[in-house]
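My entries follow in the order I made them.

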Amino acid sequence: MKVFVAGATGALGQQLVPQLVARGHEVVGMTSKQEKADLVRSLGARPVVADALDPDAVAQAVAQAEPEAIAHELTALAGAIDLRNFEKTFALTNRLRTEGTDHLLAAGRAVGVKRFVAQSFAGWPFARTGGMIKTEDDPLDNTPPDAIRTTLEAIRYLEESVTGASWTEGIALRYGGFYGPHTSLGNPEGEQLEMIRKRKLPVVGNGEGIWSLIHIEDAAGATVAALENGGRGVYNIVDDEPAPAKEFLPAAAELLGARKPMRVPRWLGRLLAGEVAVVMMTEVRGASNAKAKRELGWQLRYPSWRQGFVKGLG
Ligand SMILES: NC(=O)c1ccc[n+]([C@@H]2O[C@H](COP(=O)([O-])OP(=O)(O)OC[C@H]3O[C@@H](n4cnc5c(N)ncnc54)[C@H](OP(=O)(O)O)[C@@H]3O)[C@@H](O)[C@H]2O)c1
């Protein structure tokens with residue numbers, strides 16, 4: 001199959017492209033930067049340079065590639081995620097999830113792609129009511145904190161546009177929090193990993209927010225499966241062990257040989273890191289991967305972050 005990967009140079013793209021090539025697929029990898037063309041080539045793909053926010057450039061790149069499937073893995077999240085300025089941190093990503101999705105869908109429709117797989121997120125977008133582990137049938141948050149409203153709207157827009165595209169098999173993959181090579185929870189440069197090592201990531205309040213993680217290699221594996229045989233809809237791409245922050249952070253610290261994280265009360269967490277950080281620590285929901293395993297035939301190399309943190313940080 002010929003696959004067009006938008007975001008070939010990102011943390012996910014760098015795992016996805018080689019896995020597709022190893023499965024015998026032909027890959028065209030998009031980057032916005034000429035200087036990253038060699039990176040795309042080294043992953044085994046043919047590079048194409050285009051700005052995802054330029055509809056004509058995207059249309060031309062896709063038309064020339066003539067792919068049978070498109071993977072939309074565009075984000076702009078390099079650098080620290082500032083939870084105090086969440087919407088500002090996600091502003092460009094939100095454009096990639098709205099305008100960028102429109103442009104790729106239009107370009108894919110023009111060449112008649114059979115599948116269109118796009119990146120979404122499992123975690124804070126879920127409604128913060130009811131059970132702590134969500135399936136694909138559970139609703140997204142209709143009353144999100146103001147500080148994440150626009151970002152959630154962009155996620156909802158992406159999911160609805162992609163799964164609503166009746167002319168193709170539109171699939172949204174809700175990945176858990178990435179860890180592993182080239183992520184912020186990966187060696188050697190991962191910022192969040194450093195924060196755990198240096199005890200700068202305390203457990204806030206009751207620490208009962210559930211975190212669902214996924215090793216970046218397994219996220220790519222699920223994406224390959226979705227590109228090859230996924231049916232229209234959304235899928236949670238998370239590992240088998242969603243864990244409360246109060247369990248995950250001390251266990252991760254121990255696995256990394258660091259001291260236990262500090263605990264701070266909710267009011268102090270809000271003062272130090274803002275409302276979104278408190279929500280992430282106390283209210284977010286985790287996700288079940290049963291549908292993705294059942295329907296995509298997806299198998300995880302790291303079923304739990306416990307093994308992944310020992311063997312898979314890179
Ligand atoms: N589920 C999750 O936890 C999750 C999801 C996404 C990201 N993250 C985290 O965010 C951090 C950064 O992610 P990342 O390394 O993937 O980098 P990134 O800066 O978010 O970029 C991702 C991809 O989007 C492409 N892109 C961005 N803007 C573009 C544009 N205007 N036109 C064309 N392509 C564009 C980039 O290509 P070029 O730069 O080559 O143009 C790159 O291939 C990592 O720590 C990662 O783990 C986490």
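This is a predicted model: local features need pLDDT of at least 70, side-chain atom pairs count only at pLDDT 80 or more; totals for chains, interfaces and linings use all residues.

**Strand 7 and its neighbours.** I began with strand 12 (residues 233–237), which runs parallel to strand 7 and is joined to it by five bridges. Ala-172 stands opposite Val-234 in strand 12. I then looked at strand 5 (residues 115–121). It pairs with strand 7 in the parallel sense, over seven bridges. Here Phe-121 stands opposite Tyr-175 of strand 7. How many residues of strand 7 are buried? I found six of its seven, so I noted residues 169–175 as mostly covered under the cut-off of 20% relative accessible area.

Next I checked Arg-174. Its partner is Glu-159, with the closest N and O atoms 2.7 Å apart. Glu-159 sits in helix 5 (residues 149–163) and Arg-174 in strand 7, so this pair ties together parts 15 residues apart in sequence. Buried or exposed? Glu-159 counts as buried at 6% relative accessibility. Arg-174 is buried too, at 4%.

**Other salt bridges.** My total came to 17 salt bridges. One of them joins Arg-197 to Glu-194, the closest N and O atoms being 3.1 Å apart. Both residues lie in helix 6 (residues 191–197), three residues apart, or about one turn of the helix. Arg-197 is partly exposed at 31% relative accessible area, and Glu-194 is partly exposed at 28%. I also logged Arg-294 with Glu-295, at 3.6 Å between the closest N and O atoms. Arg-294 counts as exposed at 59%, while Glu-295 counts as partly exposed at 41%. Salt bridges with shared partners join Arg-128, Asp-141, Arg-266 and Glu-283 into one network.

**A lysine without a salt bridge.** Lys-134 is in strand 6 (residues 133–134). Which side chain of opposite charge is nearest to Lys-134? I found Asp-138, 5.1 Å away. Lys-134 is buried and has no salt bridge, because the cut-off is 4 Å. A polar atom of the Lys-134 side chain does lie 2.8 Å from the backbone oxygen of Gly-131.

**Thr-101.** I found Thr-101 in helix 4 (residues 86–111). At 0% relative accessibility, Thr-101 counts as buried.

**Surface patch.** Last, I looked at the outside. Trp-267, Leu-271 and Leu-272 form a nonpolar surface patch, with about 390 Å² of accessible area together. Leu-271 lies in helix 9 (residues 266–273). Leu-271 is exposed, at 57% relative accessible area.

Key:
Residues are numbered from 1 along each chain as its sequence is written. Side-chain values use heavy atoms; hydrogens and water are left out. Patches are made of residues with over 30% relative accessible area and no salt bridge: like charges are joined within 9 Å, nonpolar side chains (Val, Leu, Ile, Met, Phe, Trp, Tyr) within 5 Å. Accessible areas come from the Shrake-Rupley method with a 1.4 Å probe; for residues, only the protein chains shown count as cover. Helices (H or I, at least four residues) and strands (E, at least two) are DSSP runs, numbered from the N terminus. Buried means under 20% relative accessible area, exposed over 50%, partly exposed in between (1.4 Å probe, protein chains only). Two strands pair if DSSP finds at least two bridges between them. Lys and Arg count as positive and Asp and Glu as negative; His and the chain ends are not counted. A polar contact is a pair of N or O atoms within 3.5 Å; within protein, one must be able to donate a hydrogen and the other to accept it, and residues adjacent in sequence count only if both atoms are side-chain atoms.
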